[in-house]
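Student: I am new to this structure. Please show me how to read it, one feature at a time.

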Amino acid sequence: MPFSEAIKNAVRTIPDWPQKGIMFRDITPLFQNARVLRSTLDQFVHRYMEEEIDLVAGIDARGFLLGVTLAYELKRGFIPVRKQGKLPFETIREEYELEYGKATVELHKDAVRPGQKVIIMDDLIATGGTMLAAIKLIRKLGGEVREVCAIIDLPDLGGSEKIRAAGVQVYSACSFDGH
Ligand code: AMP
């Protein structure tokens, strides 16, 4: 069995949560399974080990768990991209469209120095709105986004394609068809 299948098998799908029509891809069983957790994270560590990267950015909140672990293993710094109103110091912010309504993510204005090379990690890419907002924040501070990565991509929602169109490579450990 390819390893991406083992990862998919460790993801639990909850239909109609948190609202009707959403197939929620729950990664808590993957976190719970020591073997799958380690091999999943190792895959990202090996991918970036030889790359020139200064920082790993993680997206609120599951991207924190993954991103900080990756940063630790790569011996690099970690920066959090947070939902609005959570960061204590001066921030820059980016608003983006959700399926229903809008959301805002923020970054501390001293999180990235001009020219620093950053990868961004989250658990899942759906419409790509969250990742694109994070990319804009890092670029606003003069950072260079080398790649964005996630455990799961939902390619039919077009997010990863939009991110590539914005000039950023996308890597995911597995993908699910449909939404
Ligand atoms: P998007 O901005 O549409 O790409 O959505 C990505 C963000 O929303 C990620 O931080 C995910 O954790 C969360 N998300 C969106 N859709 C799902 C889903 N079907 N299952 C689990 N998380 C999701």
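**Reading the ligand site and the loops**

Tutor: Begin with the residues around the ligand. There are 13 of them, and the closest are Asp122, Asp123, Thr127, Gly128 and Thr130. Keep in mind that this is a predicted model.

Student: How do the shell residues divide into nonpolar, polar and charged?

Tutor: Sort them by class. Five are nonpolar, four are polar and four are charged.

Student: Now the polar contacts. How do I read those?

Tutor: Look for pairs of N or O atoms within 3.5 Å. Take the side chain of Asp122: one of its N or O atoms is 2.7 Å from an oxygen atom of the ligand. The side chain of Arg62 also has an N or O atom at 2.8 Å from a ligand oxygen. With Ala126, turn to the backbone: a polar backbone atom there is 2.8 Å from an oxygen atom of the ligand.

Student: How much of the ligand does the protein bury?

Tutor: Start with the ligand taken alone, which exposes 490 Å². The protein buries 82% of that area.

Student: Which pocket does the ligand take up?

Tutor: The ligand's space is the largest pocket. About 1100 Å³ of space lies in this pocket.

Student: Which residues of the lining lie nearest the centre of the largest pocket?

Tutor: The lining has 35 residues. Nearest the centre are Phe24, Leu98, Leu124, Ala126 and Thr130.

Student: Which elements give two or more residues to this lining?

Tutor: E2, E7 and H5 are on the list, together with helix H4 (62–74), strand E5 (91–97) and strand E6 (102–108). E7 gives the most, with four residues.

Student: And what classes of residue does the lining have?

Tutor: Count 17 nonpolar residues, nine polar and nine charged.

Student: What is the phi value of Asp16?

Tutor: Phi is near 60 degrees at Asp16, a positive value in a residue other than glycine. Asp16 is placed in the loop between E1 and E2. Pro18 lies in the loop between E1 and E2 too.

Student: Which element should I look at again for the pocket lining?

Tutor: Go back to E7, which gives the most to the lining of the largest pocket.

Terms used: Residues are numbered from 1 along each chain as its sequence is written. This is a predicted model: local features need pLDDT of at least 70, side-chain atom pairs count only at pLDDT 80 or more; totals for chains, interfaces and linings use all residues. Side-chain values use heavy atoms; hydrogens and water are left out. A residue is near a molecule or strand if one of its heavy atoms lies within 4 Å of it. A polar contact is a pair of N or O atoms within 3.5 Å; within protein, one must be able to donate a hydrogen and the other to accept it, and residues adjacent in sequence count only if both atoms are side-chain atoms. Accessible areas come from the Shrake-Rupley method with a 1.4 Å probe; for residues, only the protein chains shown count as cover. On a 1 Å grid over the protein atoms alone, a cavity is a set of points where a 1.4 Å probe fits but cannot get out, and a pocket is an open set with protein on both sides within 12 Å along at least five of seven lines; lining residues have an atom within 4 Å of a point. A molecule sits in a cavity or pocket if more than half of its atoms lie within 2 Å of its grid points. Ala, Val, Leu, Ile, Met, Phe, Trp, Tyr, Cys and Pro count as nonpolar, Asp, Glu, Lys and Arg as charged, and the others, Gly among them, as polar. Grid points are joined across faces, edges and corners, and a volume is the space filled by probe spheres set on the points.
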